[in-house]
Amino acid sequence: MLDVTAMKERATRKVWQVLEDLNEEYNADFDFPKIEWTVIGTTAGRAWLTQWRIQLNEQLCKENVEDFIQTTIPHEVAHLVAYKVFGDDGHGNGWKSVMRALSLDPERCHDYDTRHVEGKRGRESMYI
């Protein structure tokens with residue numbers, strides 16, 4: 001059985017690692033963002049750019065923990081950094097540049113099985 005506390009601790013460590021890499025890359029001192037865990041339908045994560053926080057889908061992380069930690073978390077952190085560095089508020093060239101700085105493909109969408117979470121949302125939210 002998956003230890004959810006351990007999963008969330010791994011996710012937090014990944015956020016720190018990504019930020020350390022990006023602080024070095026951009027000669028910056030990005031703060032640690034607020035992390036919220038919820039079920040947000042088929043969306044794996046969201047970045048709230050002006051609030052410097054990310055929202056992560058706990059259910060999809062549980063079911064795809066390795067990929068989620070290695071790709072989804074950096075994807076969302078990259079949104080925050082791309083907004084700060086380039087003013088990029090989506091999946092534009094700034095975000096793609098940040099993803100490449102992390103040695104990740106700038107993939108816009110995940111391919112997790114979401115049939116069982118379709119339509120389930122913890123709360124209403126918006127992207128920015």
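Is Trp52 buried or exposed? Select Trp52 to begin: with a relative accessible area of 13%, Trp52 is buried (buried means under 20% relative accessible area, exposed over 50%, partly exposed in between, with a 1.4 Å probe and protein chains only). Before moving on, note that this is a predicted model, in which local features need pLDDT of at least 70 and side-chain atom pairs count only at pLDDT 80 or more, while totals for chains, interfaces and linings use all residues. Residues are numbered from 1 along each chain as its sequence is written, and side-chain values use heavy atoms, with hydrogens and water left out.

**Two residues with positive phi**

Stay on Trp52, in the loop between strand S2 (45–48) and S3; its phi is near 50°, a positive value in a residue other than glycine. Most residues other than glycine have a negative phi. Helices (H or I, at least four residues) and strands (E, at least two) are DSSP runs, numbered from the N terminus.

Now jump to Asn27, in the loop between H1 and S1. Phi of Asn27 is also positive, near 50°, but Asn27 counts as exposed, at 76% relative accessibility.

**Along H1**

Next, select residues 4–25, helix H1, whose 22 residues reach 31 Å from first C-alpha to last, close to the 32 Å expected at 1.5 Å a residue (the expected span is 1.5 Å times one less than the number of residues). At the N-terminal end, show Asp3: this residue caps H1, with a side-chain oxygen 3.0 Å from the backbone nitrogen of Thr5 (a polar contact is a pair of N or O atoms within 3.5 Å, one able to donate a hydrogen and the other to accept it within protein; residues adjacent in sequence count only if both atoms are side-chain atoms).

Then colour the buried residues of H1, among them Met7, Ala11, Val18 and Leu22. The buried residues of H1 pack against strands S1 (34–38) and S3 (53–57) and helices H2 (58–63), H3 (65–86) and H4 (93–101) (contact means heavy atoms within 4.5 Å).

**H3 and its partners**

H1 and H3 pack at about 45°, with axes 9 Å apart (axes are lines fitted to C-alpha atoms, for helices over the stretch in contact, and angles run from 0 to 180 degrees between N-to-C directions). The residues making this contact include Arg10 and Val15 of H1 and Ile69 and Ile73 of H3.

Finally, bring in H4. H3 and H4 pack at an angle of about 125°, with their axes 8 Å apart. Look here for His75 and Phe86 of H3 and Trp95 and Met99 of H4, which are among the contact residues.
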